[in-house]
Amino acid sequence: MAFDIDMIKKVYSQIAERVDKARDVVGKPLTLSEKILYSHLWDGKTDKAFTRGKDYVDFAPDRIACQDATAQMALLQFMQAGKDNVAVPTTVHCDHLIQAKEGATKDLKHANSVSSEVFDFLESVSNKYGIGFWKPGAGIIHQVVLENYAFPGGMMIGTDSHTVNAGGLGMVAIGVGGADAVDVMAGMAWELKFPKLIGVRLTGKLSGWTAPKDVILKVAGIVSAKGGTGAIVEYFGEGAKAMSCTGKGTICNMGAEIGATTSTFGYDESMERYLRATDRADVADAANQVKEYLTADDEVYANPEQYFDQVIDINLSELGPLLNGPFTPDLSTPVGDKMTEIATTNEWPLQVEWGLIGSCTNSSYEDLSRASSIAQQAIDKGIKMKADLGINPGSEQVRYTADRDGILGIFEKLDAKIFTNACGPCIGQWARYSDPKNAPKNSIVHSFNRNFAKRADGNPNTHAFVASPEITAAIAISGRLDFNPLTDKLINEDGQEVMFDEPTGWELPPKGFEVKDNGYLAPDPDGSGVVVKVASDSERLQLLTPFTPIGSDISGAKLLIKAFGKCTTDHISMAGPWLRFRGHLDNISNNCLIGAVNAFGMKTNFVKNQLTGEFAGVPDTARAYKAAGVKSIVVGDHNYGEGSSREHAAMEPRHLGVVAVIVKSFARIHETNLKKQGMLGLTFANEADYDLIQEDDTFNFLDLNEFAPNKPLTIELVHADGNKDNIIVNHTYNEAQIAWYNEGSALNLIKKENNA
């Protein structure tokens with residue numbers, strides 16, 4: 001039986017009436033995305049047709065999921081909200097704080113030792129506030145959610161950008177910052193700008209070496225890393241229906257890499273099969289009763305150009321395997337000759353040192369089975385492994401079943417390392433080097449979603465390429481980035497030329513899923529007696545002090561850093577070794593913007609302190625300004641804050657005295673996170689004004705006392721030579737968000753309203 005089946009049945013009992021009313025109000029057939037959005041309005045009423053990309057709308061999500069790195073700050077904030085219990089079903093998953101090094105058993109034991117304080121905190125706070133807790137080793141949050149909680153037609157939010165994985169089961173699942181999750185935990189509405197809609201029509205059928213991963217690799221190459229910003233991507237067509245549920249999840253998962261709000265598929269037979277296979281026949285039965293409301297109206301998919309803001313066509317029969325990278329997930333190249341040409345031209349290392357299979361994107365039973373079919377061929381055909389291979393199963397259920405069926409044993413025969421059921425290298429938790437900053441130039445291939453510089457192993461010289469699990473396995477076995485398994489031969493241990501056959505696998509385990517201990521702990525029905533302890537001298541955890549309002553008088557503010565080029569949340573607040581401080585705001589603030597490239601000098605973590613004229617690290621300089629009572633400003637380029645949803649990238653600058661971030665454009669989640677923390681997230685009205693910002697500039701806000709929706713702000717730049725420039729900056733704050741700013745943070749406002 002499914003978790004929270006009564007909640008799911010309630011959603012389905014309301015969906016017909018709400019969708020029918022929405023169709024009447026909108027006056028045309030509805031996409032699946034619109035059906036889910038309109039059926040989850042906060043007030044339950046559909047009396048207005050919302051304008052895509054413009055109207056802010058209050059929603060009522062069905063559930064929340066948090067991973068251990070982000071859950072710390074989210075729950076520390078929730079503890080300040082004055083509530084006895086979470087208002088909607090919520091879970092915490094311990095998957096980020098487990099470093100991959102020696103293998104599952106030793107790595108998990110080490111994690112439970114070094115992070116016991118954090119795990120104990122998360123378990124106790126979950127137990128107190130009615131939150132389901134998944135222990136370390138239970139699995140990667142998004143695979144566990146797909147197996148246990150996701151349901152067609154539902155809406156969920158999660159404190160991880162890859163929450164969108166649940167779109168593989170027909171949800172609108174959206175990654176958010178912890179402050180957004182706290183709103184919903186506390187029984188408040190969740191606000192989102194009504195998304196634009198991108199339709200992706202899939203014709204033909206996947207076959208041979210082409211996998212669902214190649215679909216999203218292709219889409220990323222078409223629309224770029226920011227092309228989906230502010231939009232839901234909805235996949236449809238015969239090609240979509242023919243795809244497995246976990247394959248759909250892969251596509252939705254990596255949709256975060258095009259900036260999409262989320263991605264989703266309409267309910268179909270593959271989803272029903274997956275629900276029944278994962279012991280949720282009750283959900284499948286309930287979904288079948290309302291299935292016409294769990295996909296778009298027929299007219300939408302028949303004439304998509306009339307209902308979507310953009311339509312992309314992909315013929316799966318013509319799609320071949322791709323490699324995306326390095327250093328960005330949207331640089332898409334076909335395997336084989338094209339990769340050889342581009343890699344040679346750019347001097348990318350052709351020798352591949354590691355292949356990594358797993359992560360929340362590609363760690364299902366189907367993924368492991370297809371990759372293992374390639375590994376088995378290497379054994380059968382006498383092909384010696386040329387690169388190292390690492391495997392991260394997605395959940396204990398997947399691991400146990402794959403081990404029972406001999407899949408993991410195949411990898412082990414190739415001396416692969418089976419890591420813990422956790423994120424591992426995908427989020428920088430990979431102890432590959434003792435000194436990653438000075439590690440050599442090399443190439444790796446993985447089935448993950450992100451491949452920014454330093455992402456997996458901390459080495460800026462690692463060229464990481466994203467591929468399907470089966471392509472990752474083949475390239476790792478060959479040891480060559482220019483290897484094309486469709487056409488190229490390898491020399492086996494007997495000196496014979498051999499080729500790989502096409503991969504094979506199982507959509508679902510033929511003998512069914514099995515697990516002895518899935519790692520779940522249910523909360524105490526009455527958590528009032530549970531004590532949550534946070535040591536005052538802890539390095540890992542710190543109770544929060546509310547932010548004070550910045551106010552309407554910002555004058556004499558100094559430039560902290562003018563970030564040049566790509567500045568993701570990894571640049572603003574790195575993961576890897578810094579994950580251990582995710583529950584301690586002051587300590588983790590020592591990584592604030594240390595990865596951002598300073599436009600003046602083109603170095604990282606090296607900025608000018610205008611008070612002394614000396615150069616120092618970004619956090620040190622920010623602390624010096626704060627100690628002197630001087631406000632500071634961050635300036636950035638396009639798509640500032642893309643990547644992970646980590647709110648630390650907003651909380652750290654706020655903690656260190658940054659009052660405004662001014663950029664050419666924002667990634668959606670990060671802009672919201674800045675607003676939630678009571679900061680100013682602003683964009684240049686004229687992008688060329690970015691070039692006016694000089695290293696010694698002082699910022700004076702001339703009309704912040706008139707801060708209002710749709711009203712640009714004017715900033716006076718005072719240069720070191722005494723010359724001045726006035727620039728206009730835009731913002732997207734509405735009345736409610738301005739109230740967050742005025743109170744110092746959204747959390748301050750929630751607490752004030754709860755105490756009223």
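The model is a predicted one, in which local features need pLDDT of at least 70 and side-chain atom pairs count only at pLDDT 80 or more, while totals for chains, interfaces and linings use all residues. Residues are numbered from 1 along each chain as its sequence is written, and side-chain values use heavy atoms, with hydrogens and water left out.

The pairing of β17 with β18 (residues 462–466) is parallel and extends over five bridges; two strands are said to pair if DSSP finds at least two bridges between them. β17 also pairs in the parallel sense with β14 (residues 352–357), over four bridges, and here W354 stands opposite I444. Five of the five residues of β17 (residues 442–446) are buried, so this strand is largely enclosed by the rest of the structure. Buried means under 20% relative accessible area, exposed over 50%, and partly exposed in between, with a 1.4 Å probe and protein chains only. In a regular strand the side chains alternate between the two faces of the sheet. Both faces of β17 are covered, with N442, I444 and H446 buried on one side and S443 and V445 buried on the other.

An open sheet of four parallel strands has the order β10-β9-β8-β11. Its edge strands, β10 and β11 (310–315), each pair on one side only. Neighbouring strands of this sheet are turned by 20° against each other on average, direction ignored; axes are lines fitted to C-alpha atoms, for helices over the stretch in contact, and angles run from 0 to 180 degrees between N-to-C directions. Six bridges join β8 (residues 196–203) to β11, and I198 stands opposite Q310 of β11. Helix α10 (residues 245–254) lies across β9 (231–236) and β10, at about 160° to β10.

The loop between β10 (262–265) and α11 (269–277) contains D268. This residue is buried, with a relative accessible area of 12%. The side chain of D268 makes a polar contact of 2.7 Å with the side chain of S270. A polar contact is a pair of N or O atoms within 3.5 Å; within protein, one must be able to donate a hydrogen and the other to accept it, and residues adjacent in sequence count only if both atoms are side-chain atoms. Neighbours within four places in sequence aside, D268 is in contact (heavy atoms within 4.5 Å) with A240, K241 and K248.

Helix α8 (residues 212–223) is largely enclosed by the rest of the structure, because nine of its twelve residues are buried. Among them are P212, K213 and D214. After α8 comes S224, whose phi is positive, near 80°.

Elsewhere, seven strands close into a barrel in the order β22-β25-β26-β27-β30-β29-β28, with mixed pairing. The twist averages 40° from one strand to the next.

T568 lies in the loop between β22 (557–562) and α19 (569–572). It is buried, with a relative accessible area of 0%. A polar atom of the T568 side chain lies 3.0 Å from the backbone nitrogen of D570. Leaving aside neighbours within four places in sequence, T568 is in contact with F452, G641 and E642.

Conventions:
Helix = DSSP H or I, 4+ residues; strand = E, 2+ residues; numbered from the N terminus.
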